[in-house]
Amino acid sequence: STLFYVTKIIRSEPTPEFIDAMQFIAKQSQPGEVVFTTSEHAYLVAYYTKLETFINPVRAEREPSRLVLFENITASRTLEYTQSVFTQHRVRYIFIDQSFADYLDGKNGLIFLLETSPSFAKIYENNGFTVWMYTG
């Protein structure tokens, strides 16, 4: 069940590398900016960065359209669409761990844009954790 999975994630200890990535985001972020990451990491990301995440387990349940947007973004190769959603929802950072990277590789949408568009800059990489910045 999802609840068990989320509880398990929350109770698992974040690694020093995870915390380092969060502190990196926190040091340079501005209030109101949003982090695009999986709902599994949403609460820890919000806790360490003091920023809202695009999706979290509660929001996914209450706003199914947000979950659809999340899925569409991960699969879309259309830069204008991704820019529109990210701008509208104030997404500034994309936080990717190994499991999210594997998921994105299967979708071949967002990962393509991150690697090919000048609208994104890789600003952090350490031990399987990557942070991209959306620059507009």
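Which residues have the most contacts inside the largest nonpolar core? They are Phe36, Phe54, Phe86 and Ile94, in a core of 23 residues. A nonpolar core here is a set of buried Ala, Val, Leu, Ile, Met, Phe, Trp, Tyr and Cys residues joined through side-chain atoms within 4.5 Å; buried means under 20% relative accessible area, exposed means over 50%, and partly exposed is what falls in between (1.4 Å probe, protein chains only). At least two core residues each come from strand E1 (34–36), helix H5 (64–75), helix H6 (79–88), E3, helix H7 (98–107), helix H8 (110–116) and E5. H8 gives the largest share, 4 residues. Apart from this core lies another one of 14 residues, including Phe18, Val45, Phe129 and Met133.

A word on the model itself. It is a predicted one, so local features need pLDDT of at least 70 and side-chain atom pairs count only at pLDDT 80 or more, while totals for chains, interfaces and linings use all residues. Residues are numbered from 1 along each chain as its sequence is written, and side-chain values use heavy atoms, with hydrogens and water left out.

Now for the sheet. Five strands make an open sheet with mixed pairing, in the order E2-E1-E3-E5-E4. Strand E2 (52–53) and strand E4 (120–126) sit at the edges with a single partner strand each, so one side of each has no neighbour in the sheet. Helices (H or I, at least four residues) and strands (E, at least two) are DSSP runs numbered from the N terminus, and two strands pair if DSSP finds at least two bridges between them. E1 and E3 run parallel and are joined by 3 bridges, with Ile94 in E3 as the bridge partner of Phe36. E3 (residues 91–96) also pairs with E5 (residues 129–134), this time in the antiparallel sense over 4 bridges; here Ile94 has Trp132 as its bridge partner. Of the 6 residues of E3, 5 are buried, so the strand is largely enclosed by the rest of the structure.

Next comes H6, where Thr82, Gln83, Val85 and Phe86 are buried. They cover an arc of only 165 degrees around the axis, which puts them on the same side of H6; the arc is that of the directions from the helix axis to the C-beta atoms. Glu80, Thr87 and Gln88 are exposed on the other side. The cover over the buried residues of H6 includes E1, H5, E3, H8, E4 and E5. Leaving aside neighbours within four places in sequence, Phe86 is in contact (heavy atoms within 4.5 Å) with Phe36, Ile73, Val91, Ile94, Leu110, Phe120 and Tyr134.

The loop between H6 and E3 holds His89, which is buried at a relative accessible area of 18%. Not counting residues up to four places away in sequence, His89 touches Val34, Phe54, Arg66 and Leu69.

Finally, the axes of H5 and H7 come within 8 Å and cross at roughly 70 degrees. Axes are lines fitted to C-alpha atoms, for helices over the stretch in contact, and angles run from 0 to 180 degrees between N-to-C directions. That makes H5 roughly perpendicular to H7, a label for 65 to 115 degrees. Phe70, Glu71, Thr74 and Ala75 in H5 meet Phe100, Tyr103, Leu104 and Lys107 in H7.

Terms used: Angles under 35 degrees count as roughly parallel, over 145 as roughly antiparallel, 65 to 115 as roughly perpendicular and the rest as oblique.
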